[in-house]
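The sequence and structure are shown first.

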Amino acid sequence: MIYQRFNIWEGSGCKQQTDANLSVYIPDNSPEIDMERRYKAVLICPGGGYAGVSDREAEPVAFEFLAKGIAAFVLRYSVAPARYPTALLEVSRAMWLIRQRADEWNINADDIAVCGFSAGGHLAASLGTLWNEAFIPEELGMPEGMNKPNKLILCYPVILCEEGRAHRDSFYNLLGRGLPEEEYEKFSLDRRVGPHTPPTFLWHTFDDDGVPVDSSLEFALALRKNRVPFEMHIYPSGAHGSSLADWRTASPEAKQYDNPYITNWIDHCTKWVLEH
């Protein structure tokens, strides 16, 4: 396995400079197997309400993708008090960086997914719906389209901003408090889905008490209206933030995250990544 960790702006020449870093987990080619093999890849954005970045949704998830022969990258992005568009520029830079170094890392540059959990799901969905915003290549000095993900993986994502159907603190952390409601509504990402949005895998639990299941349902409806293919799994019960939903991402103090009924989401997801 190839493992690296570094600041995403290192040597970039970009005027953007933050502490965002990328952890790289890549299968190492062997002359006994196939030295020319190219791997599909997943860029993982852990959750944390745009207030932090969860370790539970980072390396353990990367190891699962890696075990299936999928290269994995974990982005630890900027959170509050950093405001939009800082994290979007960081995930755009990370996606571009993976494409730039695809030959070095044995990556298929045309098959890179972005995966996000909770508020990290909002960030992943932001990349999937806003990747073509004109200011991004201008800010990064990037050729247009180099940040476009080929697939989206959204795990109990924050999507809606509407009171009563949303995790509002994520939006306050992303944008600040006291803004006109229409400013928050711009980042209700079901409204930003279009034909430019990549194929999507979603999963959620029906009784999620942190981010209502409405977020995934409305995003899926928007995908359907725009004829964007998707696969969605709604489980009847499970705690918000379940991650892999087994002992690897649970703890003695948080046994609600150990839920055998929903652990197969990662099997469905890796199969979807490999077969599409």
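## Overall architecture

The protein chain has 9 helices and 8 strands. Its radius of gyration is 18 Å, close to the 19 Å that the globule rule gives for 276 residues, so the chain is as compact as a globular protein of that length. The model is a predicted one. Along the principal axes, the C-alpha trace spans about 55 × 45 × 40 Å.

Of the 276 residues, 56% count as buried. The accessible surface of the chain comes to about 11,700 Å², and carbon and sulfur atoms account for 49% of that area. Among contacts between residues at least 6 apart in sequence, 73% join residues at least 24 apart.

## Cysteines

A disulfide is a covalent bond between the sulfur atoms of two cysteines. In this model the count comes to 0 disulfides. Cys-155 is in no disulfide: the nearest cysteine sulfur, that of Cys-115, is 4.1 Å away, whereas a disulfide is counted for a pair of cysteine sulfur atoms within 2.5 Å. Cys-155 is buried, with a relative accessible area of 0%. Cys-161 also counts as buried, because its relative accessibility is 2% and the cut-off for buried is under 20%.

The buried residues of α6 are Arg-168, Ser-170, Phe-171, Tyr-172, Leu-174 and Leu-175. Which elements cover these buried residues? Helices α4 (119-130) and α7 (181-185) are included in that cover. After α6 comes Gly-176, whose phi is positive, near 95 degrees.

Asp-267 lies in helix α9, which runs over residues 265-275. With a relative accessibility of 40%, Asp-267 counts as partly exposed. Asp-267 and Glu-64 are 203 residues apart along the chain, yet their C-alpha atoms are separated by 9.1 Å.

## Backbone features in loops

The bond from Ala-80 to Pro-81 is cis, and so is the bond from Tyr-84 to Pro-85. Pro-81 is found in the loop between β4 (71-76) and α2 (86-100), and Pro-85 is likewise placed in the loop between β4 and α2.

Asn-106 has a positive phi although it is not a glycine, and Arg-227 is a further non-glycine residue with a positive phi. Asn-106 is found in the loop between α3 (102-105) and β5 (107-117). Arg-227 has its place in the loop between α8 (214-225) and β8 (230-235). The table gives the angles.

| Feature | Angle |
|---|---|
| Ala-80 to Pro-81, cis peptide bond | omega near 15 degrees |
| Tyr-84 to Pro-85, cis peptide bond | omega near 10 degrees |
| Asn-106, positive phi | phi of about 60 degrees |
| Arg-227, positive phi | phi of about 60 degrees |

Arg-227 counts as exposed, because its relative accessibility is 72%.

Key
Residues numbered from 1 in each chain as written. Predicted model: local features only at pLDDT ≥ 70, side-chain atom pairs only at ≥ 80, totals over all residues. Heavy atoms only, no water. Helix = DSSP H or I, 4+ residues; strand = E, 2+ residues; numbered from the N terminus. Rg over C-alpha atoms; globule rule 2.2 N^0.38 Å. Buried < 20%, exposed > 50% of the residue type's maximum accessible area, 1.4 Å probe, protein only. Contact = heavy atoms within 4.5 Å. Areas by Shrake-Rupley, 256 points an atom, 1.4 Å probe, with all protein chains shown as cover.
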